[in-house]
Amino acid sequence: LVMIILSPLYLLTAAAIYIESGSPIIFKQKRAVTKNGKTFWFYKFRSMVEYADRLKDNLLPLNESNGALFKMKKDPRLTRVGKFIRRFSIDELPQLLNVLKGDMSLVGPRPLPLSDFDQVDESPELWAAIKDREKLKAGVTGLWQISGRSHLGFREMILLDSYYADNHSILLDLEILFETIPVVLMGRGAY
């Protein structure tokens, strides 16, 4: 139902991406919630130049996050359309397809690119918390997204996911879903 309601936004976004930088319009990447965990194809509207992954290695010294997360406020790989759709999380809308396929849930831990797990250099305690993420399906939104998103580092993301894994409930999911709305509309922590 949400996909049908948002279909004009899907079409407008797809047209804007295609007009600015051609195809592909959808970015897909193998992701998981834990290292060596169940992998799936993760979908987003493409917000970067086509070969952004190849350029990432050169940008690693400019990473503004820590741990396995790679974040840059002024990432040169972003397209003009990409900056806009990221600011308002429009790039995330194709993940509703992941939800329909059963790979993801609306609320849960954020899935990471498989290569990001190779960057993790953390204590055994944090690795145990990372393993806690495996208890649940990956989510389109979660505690990390409503608590600061890109302003939080890898360690904070994992600890929030661990808390969610230990305390998840329908009420907590509804609270997270409702708190996601103003975060998205105001573009808080999105880059």
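How many bridges join strand E1 (residues 26-32) to E4, and how do the two run? The legends below take this up along with several other close-ups, and everything shown comes from a predicted model.

**View 1. The sheet, strand by strand.** Two bridges join E1 to E4, and these strands run antiparallel. On the E2 side, E1 is joined by six bridges, and that pairing is antiparallel as well. Put together, three strands make an open sheet, in the order E2-E1-E4. Its edges are E2 and strand E4 (112-113), each of which pairs on one side only. If you want landmarks, look for Ala-32, whose bridge partner in E4 is Leu-112, and for Phe-27, which stands opposite Lys-44 in E2. E2 is an edge strand, yet E2 is mostly covered, with five of its six residues buried.

View 2. H2 runs over residues 7-21, 15 residues in total. From first C-alpha to last, H2 reaches 21 Å, close to the 21 Å expected at 1.5 Å a residue. Which residues of H2 are buried? They are Tyr-10, Thr-13, Ala-14 and Ile-17. These four lie on the same side of H2 because they cover an arc of only 100° around the axis. Pro-8, Leu-11, Leu-12 and Ile-19 sit on the other side of H2 and are exposed. As for what the buried residues pack against, the partners are helix H1 (2-5), strand E2 (40-45), helix H4 (80-87) and helix H5 (95-101).

**View 3. Leaving H2 on the way to E1.** Zoom in on the stretch that follows the helix. Just after H2, Gly-22 takes a positive phi of about 75°. Then comes a backbone detail worth a check in your own viewer: the peptide bond from Ser-23 to Pro-24 is cis, with omega near 5°. Pro-24 itself is found in the loop between H2 and E1.

**View 4. Ser-89, a positive phi without glycine.** Where does Ser-89 lie? Ser-89 is in the loop between H4 and H5. Its phi is near 60°, a positive value in a residue other than glycine.

**View 5. The largest nonpolar core.** Twelve residues make up this core: Ala-32, Leu-112, Phe-117, Val-120, Leu-126, Ala-129, Ile-130, Trp-144, Leu-152, Phe-154, Met-157 and Ile-158. Helix H7 (124-132) and helix H9 (154-167) each supply at least two of its residues. The core also takes in Ala-32 and Leu-112, the bridge partners from the sheet view. In soluble globular proteins, nonpolar side chains tend to be buried together. For a closer look, centre on Ile-130. Leaving aside neighbours within four places in sequence, Ile-130 is in contact with Val-33, Thr-34, Phe-117, Val-120, Phe-154 and Ile-158.

View 6. Is Val-183 buried or exposed? Val-183 is buried, since its relative accessible area is 5%. Val-183 and Ser-147 are 36 residues apart in sequence, with their C-alpha atoms 9.0 Å apart in space.

Conventions:
Residues numbered from 1 in each chain as written. Predicted model: local features only at pLDDT ≥ 70, side-chain atom pairs only at ≥ 80, totals over all residues. Heavy atoms only, no water. Core = buried A, V, L, I, M, F, W, Y, C linked by side-chain atoms within 4.5 Å. Buried < 20%, exposed > 50% of the residue type's maximum accessible area, 1.4 Å probe, protein only. Contact = heavy atoms within 4.5 Å. Expected span 1.5 Å × (residues − 1). Arc of directions from axis to C-beta. Pairing = 2+ DSSP bridges.
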